[in-house]
Amino acid sequence: MDENKKENECAEHDEEKWVYDSSLDYKGRIPLRASTGAWKASLFIIATEFSERLSYFGLAVNLIMYLTKVLHQDLKTAAKTCNYWSGVTTMMPLLGGFVADAYLGRFSTIIASSVIYIMGLLLLTMSRVVPGLRPWDAGSTNGVHEVVFFLAIYLVSVGTGGHKPSLESFGADQFDDDHPKERKKKMSFFNWWCFGLCCGLLLGVTVIVYIQDHVGWAVADIILTAVMVSTTAIIWIGRPLYRYRKPMGSPLTPMMQVIVAAFVKRNVPHPSDSDQLYHEVPKSAKNQGSRILLHTKKLRFLDKAAIIENDDVSKANPWRLSAVTKVEELKLIINMIPIWMTTLPFGICVAQSSTFFVKQSTTLNRTLVADFMIPPASVYGFAAISLVISISIYDRLLVPFLRRLTGNERGIDILQRIGIGMIFSVATMIVAALVERRRLGIVSSSPAGNSLSMSVFWLAPQYVIIAVGDCFTLVGLQEYFYDQVPDSMRSLGIAFYLSVLGASNFLSSLLITLVDHVTERGGRSWFGKDLNSSRLDYFYWLLAGITAGNLFIYSFIARRYSYKNVTKTTTVAVADCYQATMP
């Protein structure tokens, strides 16, 4: 008995000293818990996210102003151009996440994508300082400048595609899911990740936008390039502190094997007991402390891929027999599809905050003090400040209170958090419609035919409300897609979250085109050449109705959702502990 007790104590001590979650240190060894990972490593990663978001939002929020003022696009074309670029930028992580999980690994993908990102920023700078590439000052446009400009911003899209999913999943990898203290820290990580993101966003839409409007676009580009170069060096310096995961190969092949095996055995009857299915632990998980998925009763037709037709499983063909954990990985992805689809209307609402909301600010009184006028894109700072405050309150006050109230480690379930944010998106569109209706009323009654007597701070409520919604839904989506995908697909999980925003931008453009076509046939389009000849209030009411209707569908699906159920494989021997206790 004493020997067994001693062995258990040694095992617990060994788990505290070493990290057995299949991660490695920078020399390829099992990581020491005290000297790797957790906040000491993730702070480097959050700092890198801060600089990347500073660069991205410094470009994104003022893009519509550049398109209309410098490239002379009309409002409708500029809005669709912004949505297309944002859509590509937030869909590219699907490719970047796949490459990171399957081939390069997350850290290598971060470094490679950072180089591409910097190349895009350098090219953007050249398009504004090299004489032959600069935009013309007259009303016409320089075709060469347009080509180089769009090539540069789409290089930034490619860089973001690898950077964004790899960096966030790499940061979350620094916390051990099987260690109680680190698991709680990981729950806070996504909140503080978003906090760092918002700080970068805030500086991007205030300081960088001010420089763009009052000093020069080229100066802003030089600053953004220098920031990205310096933070790429910083994340490289932190290498000894990180915990790394080896790429596991293409996650698509095992899923296709499950589908083929289930189809081939579609006429084979189900066994009466799930224990009769093929439960062998995958080789990649053995002796590494990896987690395997437990069998679930949903999507039972896929279980046929794990039915054993003979006793000789040692020579099993993976296209005819799949382990239960591989079947469950495919089930996880299929179960995510309805959640992904029902979050798209929320993303469409978010898309308006960087296009039409910003353009609205140009028609309002932006004078803060006698000699200072707020740049139009800086109104996005209302959302950034509100989101920083919301996240701090949520993580430090609301979560501890909800933990005591519900007994849930997260405070509330992830899908409940996402749903609460959707309610705020409906409220945002209602408020935006009311504010725009008031603005149009002032325009119609003004002798000058403008709304300059109306303060830009009238836009603050809609930005504040959407920021609170982001605190719940966007942060919740990051945690949901990272947590609920198979462990080998976590970069792709973050890419799935980003693809919600990307697909939403494309849908927003499609909706604008559709509404423009339908309303124009009715006599007057809701989208005129400028805001004063448009009816954005009607468009906002339409979005409020779509999002409210979708909320009921989401609630129906979320109530029936089953979360991932895992168990851990046997960890390595505790030889280090035994050696330490020998006389």
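Visitor: At what angle do the axes of H4 and H17 cross?

Guide: Before that, a word on the source: this is a predicted model, where local features need pLDDT of at least 70, side-chain atom pairs count only at pLDDT 80 or more, and totals for chains, interfaces and linings use all residues. Residues are numbered from 1 along each chain as its sequence is written, and side-chain values use heavy atoms, with hydrogens and water left out. Helices here are DSSP runs of H or I with at least four residues, numbered from the N terminus, and axes are lines fitted to C-alpha atoms over the stretch in contact, with angles from 0 to 180 degrees between N-to-C directions. H4 (residues 75–91) and H17 (residues 490–521) have axes that come within 7 Å, and the crossing angle is roughly 155°.

Visitor: How does H4 run relative to H17, roughly parallel or roughly antiparallel?

Guide: Angles under 35 degrees count as roughly parallel and those over 145 as roughly antiparallel. The axes cross at roughly 155°, so H4 is, relative to H17, roughly antiparallel.

Visitor: What is the hand of the crossing of H8 and H14?

Guide: H8 (180–214) and H14 (381–406) pack with axes 7 Å apart at about 165°, which makes them roughly antiparallel. A crossing is left-handed if the near helix is turned anticlockwise from the far one by less than a right angle, and right-handed if clockwise. For H8 passing H14, the crossing is left-handed.

Visitor: And what is the hand where H16 passes H17?

Guide: H16 and H17 have axes 7 Å apart and pack at about 145°. Among the residues in contact are Phe481 of H16 and Tyr497 of H17. The crossing is right-handed.

Visitor: On to the holes: what is the volume of the largest cavity?

Guide: On a 1 Å grid over the protein atoms alone, a cavity is a set of points where a 1.4 Å probe fits but cannot get out. Points are joined across faces, edges and corners, and a volume is the space filled by probe spheres set on them. The count comes to four cavities of 30 Å³ or more, and the largest has about 550 Å³.

Visitor: Which helix gives the largest share of the lining of that largest cavity?

Guide: Lining residues have an atom within 4 Å of a point; there are 35 here, with Tyr56, Phe57, Val350, Tyr380 and Leu501 closest to the centre. They divide into 21 nonpolar, eleven polar and three charged. Six residues, the largest share, come from H4.

Visitor: How many charged residues line the second largest pocket?

Guide: A pocket is an open set with protein on both sides within 12 Å along at least five of seven lines, and this one holds about 390 Å³ of space. Its lining has 19 residues, with Arg183, Met187, Arg410, Asp483 and Gln484 nearest the centre. Six are nonpolar and two polar, and the charged ones number eleven.

Note on methods
Helix = DSSP H or I, 4+ residues; strand = E, 2+ residues; numbered from the N terminus. Parallel < 35°, antiparallel > 145°, perpendicular 65-115°, else oblique. Nonpolar A, V, L, I, M, F, W, Y, C, P; charged D, E, K, R; others polar. Contact = heavy atoms within 4.5 Å.
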